[in-house]
Amino acid sequence: PQAVISAWAPAAAGTRLVTGTLDGGGVGFNEDEAILQVQNVDLADGSLRVSKEIRVNSARFAALRWGGLADDTIAAGMTDGAVRLWTYQRDNLREAATLQVHEKGTTVRALSFNPSVKTLLAHGGADKRVLITDLATGAPSTTSVTEGSAQHVGEISSIAWNYETPHILSSASMDGVCSVWDTRSRKSFSD
């Protein structure tokens with residue numbers, strides 16, 4: 001068996017789950033290949049049926065989220081510092097973009113789509129930075145939330161948008177610190 005991570009599809013996409021082989025993989029894991037699967041979940045009988053599978057020949061998965069403007073975007077934080085994006089529509093899974101926005105060779109462990117401004121994707125990882133990418137444009141633009149502020153000392157382990165105030169974001173790190181950010185001013189509430 002292989003170690004995997006998962007993320008539920010938004011309600012608009014149906015009862016689906018995306019899974020990806022985790023860094024470190026497990027028994028029989030090919031270190032040069034990761035597998036991304038979209039699975040249909042039957043809640044009546046508890047069964048899972050793979051509807052699409054792709055193999056990624058670069059880095060492995062460290063984080064997964066499903067969301068975006070049309071609730072059709074799967075975002076993956078990778079072990080090489082990239083954020084990879086796929087779209088899933090009508091049982092068709094296709095790669096949309098690879099964003100090399102974190103330091104090469106660092107792991108992107110945290111992802112979160114903004115629940116109000118669905119084109120905004122926050123991400124962070126081993127390089128201790130919290131970044132926001134706006135996926136609305138043809139060439140996604142990325143800004144740093146942490147530059148010029150008291151940055152995390154440890155690797156970013158979790159990121160979450162506030163559901164009531166769309167410009168408020170929290171990040172947690174492996175050093176036990178949780179920061180709350182105003183993304184408009186790019187300042188932490190603790191600054």
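Are Asp-127 and Arg-129 buried or exposed? I checked both, keeping in mind that the model is predicted. Asp-127 is buried, and Arg-129 is buried as well.

**Entry 1: around Asp-127**

I placed Asp-127 first. It sits in the loop between β10 and β11 (130-134). Its relative accessibility is 10%, and buried means under 20%, so Asp-127 counts as buried. I then looked for its charged partner. Asp-127 makes a salt bridge with Arg-129, and their closest N and O atoms are 3.3 Å apart.

Next I listed what else Asp-127 touches. Leaving out residues up to four places away in sequence, I found His-102, Glu-103 and Thr-106. With Glu-103 there is a polar approach too: the backbone nitrogen of Glu-103 lies 3.3 Å from a polar atom of the Asp-127 side chain.

**Entry 2: other salt bridges**

How many salt bridges does the structure hold? I noted six. Side chains of opposite charge can pair when their charged atoms come close.

I looked up the pair Asp-71 and Lys-118. Their side chains meet in a salt bridge at 3.4 Å, N to O. Asp-71 lies in the loop between β5 (61-67) and β6 (73-78), while Lys-118 lies in the loop between β9 (108-113) and β10 (120-125), so this pair ties together parts that are 47 residues apart in sequence. Asp-71 counts as buried at 15% relative accessibility. Lys-118 is partly exposed, at 30%.

I also looked up Glu-53 and Arg-55. Their side chains form a salt bridge of 3.3 Å, N to O. Glu-53 is partly exposed at 36% relative accessibility. Arg-55 is partly exposed too, with a relative accessible area of 46%.

I traced an open sheet of four strands in the order β9-β10-β11-β12, with antiparallel pairing. β9 and β12 (141-144) are its edge strands, and each pairs on one side only. On average, neighbouring strands of this sheet are turned by 25° against each other, direction ignored. I followed one pair in detail. β9 and β10 run antiparallel over five bridges. In that pair, Val-108 stands opposite Gly-125 in β10.

Then I traced another open sheet. It has four strands in the order β13-β14-β15-β16, and the pairing is antiparallel. β13 (156-161) and β16 (187-188) stand at the edges with a single partner strand each, so one side of each has no neighbour in the sheet. Inside it, β14 (residues 168-173) and β15 (residues 178-182) pair in the antiparallel sense over five bridges. Ser-170 faces Val-180 in β15.

**Entry 3: the nonpolar core**

Which residues have the most contacts inside the largest nonpolar core? I wrote down Val-18, Phe-61, Leu-64, Trp-66, Ile-74 and Trp-86. The core has 20 residues.

I finished with Trp-86. I set aside its neighbours within four places in sequence. Its contacts then include Leu-36, Ile-54, Val-56, Phe-61, Ile-74, Ala-76 and Leu-93.

Note on methods: Residues numbered from 1 in each chain as written. Predicted model: local features only at pLDDT ≥ 70, side-chain atom pairs only at ≥ 80, totals over all residues. Heavy atoms only, no water. Pairing = 2+ DSSP bridges. Helix = DSSP H or I, 4+ residues; strand = E, 2+ residues; numbered from the N terminus. Salt bridge = Lys/Arg side-chain N within 4 Å of Asp/Glu carboxyl O. Buried < 20%, exposed > 50% of the residue type's maximum accessible area, 1.4 Å probe, protein only. Core = buried A, V, L, I, M, F, W, Y, C linked by side-chain atoms within 4.5 Å. Contact = heavy atoms within 4.5 Å. Polar contact = N/O pair within 3.5 Å; in protein donor to acceptor, adjacent residues only side chain to side chain. Axes fitted to C-alpha atoms, helices over the stretch in contact; angles between N-to-C directions.
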